[in-house]
Amino acid sequence: MMQTFFDTSLTLNDLRFMLKGAGVTISITFWAVLGGSILGLLLGLGRASAPWWLNGPIGFVLDIFRSVPLLIQFVLANSFKSIIGLNWSAFTVGCVVLAIYTASFCTEVVRAGILAVPPTTRRAARSLGMTWAQDLKEVVFPIALRVALPNWIGLTLGVMKDTALISWIGVVELLRSSQIIVTRTQEPLFVLGIVGLAYFVLCFPISRFGARLEARWREND
Amino acid sequence: MIEIENVHKHFSTLHVLRGVSLNVQKGEVLSMVGGSGSGKSTMLMCINGLEPIQGGRIRVDSTDVHAKSTDLNKLRRKIGIVFQQWNAFPHLTVLENVMLALRKVLGKSKAEAEAIAVEQLKHVGLGEKLKAFPSRLSGGQQQRMAIARALAMSPDYMLFDEVTSALDPQLVGEVLDTLRMLSQEGMTMIVVTHEMRFAREVSDRVAFFREGLIHELGTPEQIFDSPQRSETADFLRSVL
């Protein structure tokens with residue numbers, strides 16, 4: 001019994017292939033989270049301070065990106081790219097779409113963090129002669145970060161797993177690479193088990209990192 | 001010198017200040033008293049430009065606070081303000097709270113800023129709490145830290161907005177002692193307060209605010225012992 005359980009046709013080459021897929025997953029996650037966080041930071045800052053006539057439309061557009069299933073966004077964007085003749089690879093399209101999707105959530109994370117800073121605290125900073133920018137950098141962001149970090153970590157972990165959907169437009173990332181192997185080895189449970197473990201290994205350090213930061217900050221509360 | 005001339009202030013439809021005029025001389029301690037909503041706290045926020053005004057003029061050492069050309073960030077360096085909610089920066093230690101503006105606004109070196117901050121914190125009796133975070137401090141200690149933070153900028157004027165109102169009764173004394181000390185050192189102060197005995201003791205003049213106007217202005221003896229207006233007398237009777 002034990003013999004057959006470990007008797008697999010999975011080769012070292014297959015594992016290498018999946019490792020490459022994992023590399024693509026990390027790469028997409030990195031670009032999507034980086035781009036999405038920068039865009040989300042700017043939009044969140046805008047939403048926390050912009051007048052309603054600007055705030056409303058931004059919020060509406062972001063709501064669209066948050067509400068339409070990511071899979072549909074990937075497929076539509078990929079087709080749209082061909083229609084307007086953009087010479088982007090599926091990988092680039094995937095990164096851009098996922099970055100915008102990330103930004104639409106990150107905006108709210110940032111906004112909630114900034115609005116959690118009491119206006120009176122900001123007023124105190126300004127009363128000391130600090131400029132708007134200094135108030136943001138020295139007072140608002142550090143306080144907002146403590147509020148926003150857990151949500152941002154959650155968002156990042158979500159994005160990491162959402163990268164699997166990019167396989168629909170032909171990008172071979174971790175999940176897709178495993179499915180290719182499954183079609184040959186016919187050992188879906190075993191392979192998916194490995195892939196699941198791989199996702200966990202990728203996500204766990206991020207999760208731990210967030211928890212450690214939180215614990216360090218909590219010491220001061 | 002702070003010159004307030006016929007200042008009007010609206011919060012949308014609410015007419016909070018209805019033509020306030022007042023001069024505060026260098027070295028003077030002026031208390032503003034009156035019921036809630038009488039406009040005294042709003043007046044304070046207008047003096048360092050935290051709130052815009054819709055009419056009149058406020059000048060601090062001949063600088064028009066609300067003129068477009070005025071660099072408010074620069075002006076605020078010489079006007080310290082302490083608020084009802086002590087407004088500590090929660091992510092910084094007590095020492096860092098006081099050092100922040102010294103470094104970022106006045107551009108002092110780390111060593112210089114630290115020396116000034118330590119001195120000011122000792123001055124208000126927090127020499128033992130330098131490395132503590134604000135959340136570990138009592139309300140009274142946090143408020144004294146806020147005072148040290150404002151004083152560290154060596155302001156020419158200090159504004160106090162009901163600085164004891166949010167404190168437990170047993171902590172009020174230590175903060176009032178700090179204010180008393182400042183007044184004895186010759187600091188120019190405008191103090192919005194509900195502590196009538198304190199106002200009487202430290203003030204050179206007392207302004208009684210009512211419905212967005214200075215209803216009566218005079219020495220503590222005049223205001224507290226022989227108010228000329230019946231509303232002043234009514235107010236004092238209600239709070240004493």
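How many bridges join strand E3 of chain B to strand E9 of chain B, and do these strands run parallel or antiparallel? In this predicted model, strand E3 (residues 29-34) and strand E9 (residues 205-210) of chain B run parallel and are joined by five bridges. Within strand E9 of chain B, B:Phe209 is the residue that stands opposite B:Gly34.

The two strands belong to an open sheet of chain B in which six strands follow the order E6-E7-E8-E3-E9-E10, with mixed pairing. Strand E6 (79-82) and strand E10 (213-218) of chain B each have a single partner strand and stand at the edges, so that one side of each is left without a neighbour in the sheet. From one strand to the next, the twist averages 20 degrees. Helix H9 (residues 230-239) of chain B lies across E3, E9 and E10 of chain B, and its course makes an angle of about 95 degrees with E9 of chain B.

Chain B also contains an open sheet of four strands, arranged in the order E2-E1-E4-E5, with antiparallel pairing. Here the edge positions are taken by strand E2 (14-24) and strand E5 (63-64) of chain B, each of which pairs on one side only. Eight bridges connect strand E1 (residues 2-11) of chain B with E2 of chain B in the antiparallel sense, and B:Lys9 is found opposite B:Leu17 in E2 of chain B. Helix H1 (residues 40-47) of chain B packs on this sheet, where it touches E1, E2 and strand E4 (55-60) of chain B, and the direction of the helix makes about 115 degrees with that of E1 of chain B.

Taken along the principal axes, the C-alpha atoms of chain A fill a box of roughly 75 × 50 × 25 Å.

Between the two chains, 21 residues of chain A are in contact with 25 residues of chain B. The size of an interface is often given as the accessible area lost when the parts come together. For chain A and chain B, the buried area is about 2,000 Å², and carbon and sulfur atoms give 59% of this area. Two salt bridges are counted between chain A and chain B; B:Glu51 forms a salt bridge with A:Arg123, in which the closest N and O atoms are 2.7 Å apart. Six residue pairs, both members being at pLDDT 80 or more, are found in polar contact across the interface of chain A and chain B. On the side of chain A that touches chain B, helix H6 (119-127) and helix H7 (132-162) of chain A each supply at least two residues, and the residues of that side divide into seven nonpolar, seven polar and seven charged.

Over all chains, the structure holds 21 salt bridges. A salt bridge is also formed by B:Arg144 with B:Glu174, the closest N and O atoms of this pair lying 2.7 Å apart. Because B:Arg144 lies in helix H5 (residues 139-151) of chain B and B:Glu174 in helix H6 (residues 169-184) of chain B, the pair ties together parts that are 30 residues apart in sequence.

Key: Residues numbered from 1 in each chain as written. Chains lettered and ligands numbered in written order. Predicted model: local features only at pLDDT ≥ 70, side-chain atom pairs only at ≥ 80, totals over all residues. Heavy atoms only, no water. Pairing = 2+ DSSP bridges. Axes fitted to C-alpha atoms, helices over the stretch in contact; angles between N-to-C directions. Contact = heavy atoms within 4.5 Å. Buried area = accessible area lost by both parts, 1.4 Å probe. Salt bridge = Lys/Arg side-chain N within 4 Å of Asp/Glu carboxyl O. Polar contact = N/O pair within 3.5 Å; in protein donor to acceptor, adjacent residues only side chain to side chain. Nonpolar A, V, L, I, M, F, W, Y, C, P; charged D, E, K, R; others polar.
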